[in-house]
Amino acid sequence: MMKRFAIASSAATLLLAFASCNDRQNQEVMGYAPVYHTDSARSKVSTIAPQPIVEAGKIYVRENTLFQVENGQGIHVLDISQPDQPEKLAFIVVEGAQELSIIDNILYTNSYNDLLVIDISDLHQAVLLNRVANTFKLQQHDRPPESGYFECPDPEKGTVIGWQKKMLQSPRCKY
Amino acid sequence: MRLLYKFFLPLCLAVIFLPACNKAEQNGAGDQVGTGGSLARFIITKNHLYVVDGGKMHTYSMADPANPQKIYQQDIGFNIETIYSWEDKLFVGSQDAIYVYSIVQPGTPRLLGSASHLRACDPVVANDSVAYVTVRTGNTCGGNVNALYVYSLKEVLNPVQTNILPLSNPHGLGLQQQTLYVCDGAEGLRVFDVSAAYQPIEVKQIKAGFFKDCIPYNNLLICMLSDGMALYDISNPHNPVLQATIKG
């Protein structure tokens, strides 16, 4: 039973892995184009005034400070010493952020596939201490969120950090 | 390992283990470490930062916290989603399995593959433990079950399913003492009395948004909503009282 499942799933994986690269010549179709992250786009960490919560992400609490990731944008910092009157203190800009953890006054987060080390001794002025570049694959976008045509990713252009739905001219990839 | 895989095959997403209360992180040397939700992919414990991505676990030494060094990296499986620590173990949740690692040697997490090792673990955990797992459908999860699964972890490597409670669309969950908080998507927050660990009894449902995760933090329950956060007073654990909603 398990074996059969294992075989079936490996077969399925193989099929997916070898998603065909079709030629869709001279044809405009709706599909996905990769969005790239290049080294030059690696943002600097900065602290700015509180921002609206739009893409609410994961949460983390330490003592009276609450953090919520703004998916892909950064981290909201709130004072919850009075839980009935939480107060937004600041927003730490971290492009590509999804995760966070804290030890003492050091916050760890990710900027796409980089691990960032940020000093938060002063919550109003976070300081980037360190960056471990391309250390994991939290962003893995080998293919678009939906099956169909897509523009084949070009590794030369950088890491794919997302997909944009748009009209494509003769896309060569499909799954 | 095979048994483990088989039992947890249909499972997806968040996992929480008794008697841990939440993702409380304990680090060595009295360092102050905060608490994350059950959906976290980062966890700090034993002076190491563990990160799970889709398929691997990455281990960083925090000997110098300002300068983490990756000292180990290992394949785990497919569709890894969460990591959780309890004492000298890491529990990694994927869409179809839970992996239990020993971090007796924190720098080199080791997959626990034998019952003999199991018998060597802390007997308090082994005798008195239960796993609560949420299973939900969704485009990335597959399957057709939305439920809270209860597993006896008397033998960590041979978990026995003891109960299934059908739910709507459960996401993260948080446990504090004898109360389990389950975030059931649009159906809100469900509060379970787990005095009888394997027989959760729903005592309250609060429909006030789309609930994704929650962290019990002493007398406060901090909830992640699809559009912000909500804070509840849980001085009476079975009756969370809204303190504030943070949106926009």
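Me: In strand 10 of chain B, which residue is the bridge partner of B:Leu90?

Reply: Strands of a sheet pair through backbone hydrogen bonds, either parallel or antiparallel. This is a predicted model, and in it B:Leu90 has B:Tyr101 as its bridge partner in strand 10 of chain B. Strand 9 (residues 89-94) and strand 10 (residues 98-102) of chain B run antiparallel and are joined by five bridges.

Me: In what order do the strands of that open sheet in chain B come, and which are the edge strands?

Reply: The order is 8-9-10-11, four strands with antiparallel pairing. Strand 8 (80-86) and strand 11 (110-111) of chain B are the edge strands, each pairing on one side only.

Me: Which strand of chain B is joined to strand 3 of chain A?

Reply: Strand 3 of chain B is joined to strand 3 (residues 56-62) of chain A by two bridges, and the two run antiparallel. There, A:Tyr60 stands opposite B:Gly36.

Me: How many residues of each chain are in contact with the other?

Reply: The size of an interface is often given as the accessible area lost when the parts come together. Here the figures are residue counts: 45 residues of chain B are in contact with 35 residues of chain A. Elements of chain B that each supply at least two residues to its side include helix 1 (2-8), strand 5 (48-52) and strand 22 (241-247). By class, that side of chain B has 22 nonpolar, 13 polar and ten charged residues.

Methods:
Residues are numbered from 1 along each chain as its sequence is written. Chains are lettered from A and ligands numbered from 1 in the order in which they are written. This is a predicted model: local features need pLDDT of at least 70, side-chain atom pairs count only at pLDDT 80 or more; totals for chains, interfaces and linings use all residues. Two residues are in contact if their C-beta atoms, placed from the backbone, lie within 7 Å. Ala, Val, Leu, Ile, Met, Phe, Trp, Tyr, Cys and Pro count as nonpolar, Asp, Glu, Lys and Arg as charged, and the others, Gly among them, as polar. Two strands pair if DSSP finds at least two bridges between them.
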